[in-house]
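Thanks, everyone. I'll keep this short: cavities, sheets and one database record. Have a look at the structure first.

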Amino acid sequence: MNTGFALRLTAAAVAACVASGAGAAAKDGTFTGTGNGRGGQITAAVTFKGGKIADVKITKQTETVGVSDSALRILPKEIVEKNTLKLNAVSGATLTSCGILEAVRNAIKAAGGTDKDFMTAPVVVKKTAKAAPKEIKTDILVIGGGASGITAAVRAATLGEKVILIEKMPNIGGDTQLNAGTLIATGSRYQREVMKETKDSPELAYKDIMKAGKNKNDPVLVHMTTQNAGKVVDWLIDDLKIPYGPAATQYPDHSANRQLGVEGRSVNFLRLMSNELKKHGGVIMTDTRAQKFILDKKGNVIGVKARLADGAYVNFSEKATILASGGYGANRSMLPKKVAQGLFYGLDSDSGDGLKMGREIGAGTINLDLVKQYPQGVETTPHHGLAATASSTDTMKKSGAIYVNSDGRRIVDELQGLGTLTDVTKAQKGQIMYIVMDQAAWKEYVAKSLEDKLVASEADLYKWEKIVNNGRPVMAEGKTLAEAAKKMGINPAQLQKTVDRWNGFVKAGKDADFGRKVLKPLAGGPYYIVEQKVRFCTTLGGLKANGSMQILKKNGKPIGNLYGAGCVVGGANGADSMTAMMNSWAIISGYVAADSAVKSLKK
C-alpha cells in the first residue's frame, strides 16, 4: 500500500532486541530460544558448530501472515550467512525482526554462549549490481500494492493496458494484510440474489456513510463509492471469481444486509489479485520506492523517479499514473497530536510518502486532522495493539459480557457501532474500558480469537495476564468477580453492584440503563476481564480528488494524468468509517481510478 523501496531500519533501531554480555562460547548442538514478536512469542531452533551459527529455524510463531513473511524468510538466513545478530530489521516487520533476534539471542544463552560473541558488524561485500534501465515505459504506472493499488492494476490490465505496479516493501499488501477483507455489496447481483437484501440502495448506503463520518466526508467521493459498489462487487465475484461471501461478523453500524467477507481474508485477496495481474500481463516490482513525480512544462505528470533496493535510480515514463501509496499512520510527525501517542496497530511503512509527493507538486489536501480510530485494542507490545474487535463484538452478541470503565461502572449499550464504542472509550479516564466475562462469555471470546487468528492458541490469551501497562495487567482472571477486579485495579464492590444490576435487567427482560437487546446473565466464576483501548492505523485525510479520482490542485483543477486511490486520497470516510468501509473505499476507488485512467488514454 505504500510507495518506495524496502527501507531497512538501522541496527540501532533494533538494539533493544539484543543485549550483549561476557561469557563462554556457545556449545555445539541445537538449542532453542524464544522472543516476543508482533503477534506473540517466536521460537527459534539454532544450531551451533565450531562456535558459529550453522542454522536458524523458526519452529513456532503466531505472526501476521503477509506482514511478517519477509522477516521470517530473510532474517534467519542473514544470521547464518553473516554469523551475527548485528543486523537491520526488515522494513515493515520491525517487531517480528526483534522477536527473531531475541529468540536467537536466548538460544545462544541456552548454548552457554553470549550474544557478545555474535555482535560483530557483518563484512559488507560490495557487489556490482545489474545496471537498472535508465527509463522504463508503460501505459499505466500504479504506485503502491495494497488493496487500492492491486485493484487498480488488475482493472487496467484486464482492459488491455500495459501496467506496472511498484511497491517499496519486499512484498505487496500494506495495511490491507491486517484486515479481514470485508466489502460492502450495495447494488450488486450477489446482494440481491444470494443475500436476499432488497431494501438497500446507494442512497441508503450514502446516508450511513455520511452519518458514520459525522458529515465531514467529501460528498462527491461518498456518492462515487456508493454508486459504483455494485458493479465492482459483480466484477470481483462474477468476472474474477474472487471468493466472497457474507462476512463472518456482521457489525451493527449498517442499516442493511451488505457486509461481505473474502475467503481467506485480505491475504488471500491480495494473492488472487496478484495472480490475475500477472495473468493479464501486468508487472509487479517490489523493493522500488517512488520518490518524485516528473512533470512536463504544463505541470502534467509524465513520469516518476524511483529508487531500487540496491540504490540505483530508474525513471518510469507512463501515460497515466495512479497513486495508491497508503496513509501516514506510522509518521507521528504528520499525525494530529490527539492521536500521535495512541495505540498503533499498523505497519512502520505507513510513512506518508505519496502524500508528500503530491503536496510537492501542488496537490490540495483535505481532513489531515482526522485518523480512523477503533475500539477494543489490546496492548500486548508497548504502544502497539492487537485488533481484538471481532473477538469482543462476537462475544457481546452471544453472551452476557458487559463493558465497564476503570471505576467498575457500565458505560454503554455494548451492541452499539464501533464509532460509538470508540467515542465512549475516549471519554473514560485513561481512554480505556474493560470487557467483563463469565465462563460462557470467555468461551465465545476464545473461539472467535482463534477463528480470527488473533492468537494461535488459548494459552496465548492467558499470557496477557503477565503483560502490565501503567500498573494494570492486560487481562485478569479470578475465581470470583472480586478477585478478578482486584487484579485489574477495578473497585470490587462497585463492579459487583454493576454486575448485580445487569443481572437484574436480564431477569426483568429490559436494560433500563442503555437499552441493550441481547440480555444474558453473567452467571458465575471464573471471571475474565480484558482491557479495551483505542487503536489507530489508517489515516482519513489525504490528497483531494474528484469523482473520477483525478488528483486536484489547490485551486480545484485536476493535475494532468494523475489519479489517486485508497488512503492517500482523503475525505471519503469523513471523521470515522463504518465497518468494511476502509477496505471498500480502497477497492472501489482503485477500480474507478483505473477506469478513468484507461478512458483518458483513449482520447
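Which residue in strand 8 stands opposite tyrosine 244? Valine 262 does. Keep in mind that this is a predicted model.

Let me build out from that pair. Strand 7 and strand 8, residues 259-262, pair in the antiparallel sense. Three bridges hold that pairing on record in the model. Both strands belong to an open sheet of three, ordered 6-8-7, with antiparallel pairing. The edges are strand 6, at 182-184, and strand 7, at 244-246. Each of those edge strands pairs on one side only. On average, neighbouring strands of this sheet are turned by 40 degrees against each other, direction ignored.

A quick reminder on sheets in general. Strands pair through backbone hydrogen bonds, and the pairing can be parallel or antiparallel.

Next, a hairpin. Strand 10 covers residues 288-295, and strand 11 covers residues 301-308. They are antiparallel too, with seven bridges between them. Leucine 295 has valine 301 in strand 11 as its bridge partner. Five residues sit between strand 10 and strand 11. One to check in your viewer is glycine 299, in the turn: its phi is positive, about 90 degrees.

Now the cavities. How many reach 30 Å³ or more? Two do.

Thr539, Leu540, Gly566, Cys567 and Val569 are among its lining residues. Ala572, Asn573, Met582 and Trp585 line the second largest cavity as well.

Last item, the record. An unreviewed UniProt entry places the feature "domain: FMN-binding" at residues 37-111. What does the model show there? Over residues 37-111, the chain is 41% helix and 24% strand. The end C-alpha atoms of that stretch are 22 Å apart.

That's my list. Over to you for discussion.

Conventions: Residues are numbered from 1 along each chain as its sequence is written. This is a predicted model: local features need pLDDT of at least 70, side-chain atom pairs count only at pLDDT 80 or more; totals for chains, interfaces and linings use all residues. Side-chain values use heavy atoms; hydrogens and water are left out. On a 1 Å grid over the protein atoms alone, a cavity is a set of points where a 1.4 Å probe fits but cannot get out, and a pocket is an open set with protein on both sides within 12 Å along at least five of seven lines; lining residues have an atom within 4 Å of a point. Grid points are joined across faces, edges and corners, and a volume is the space filled by probe spheres set on the points. UniProt positions are given in the numbering used here, feature names are shortened, and annotations may be inferred rather than shown by experiment. Helices (H or I, at least four residues) and strands (E, at least two) are DSSP runs, numbered from the N terminus. Two strands pair if DSSP finds at least two bridges between them. Axes are lines fitted to C-alpha atoms, for helices over the stretch in contact, and angles run from 0 to 180 degrees between N-to-C directions.
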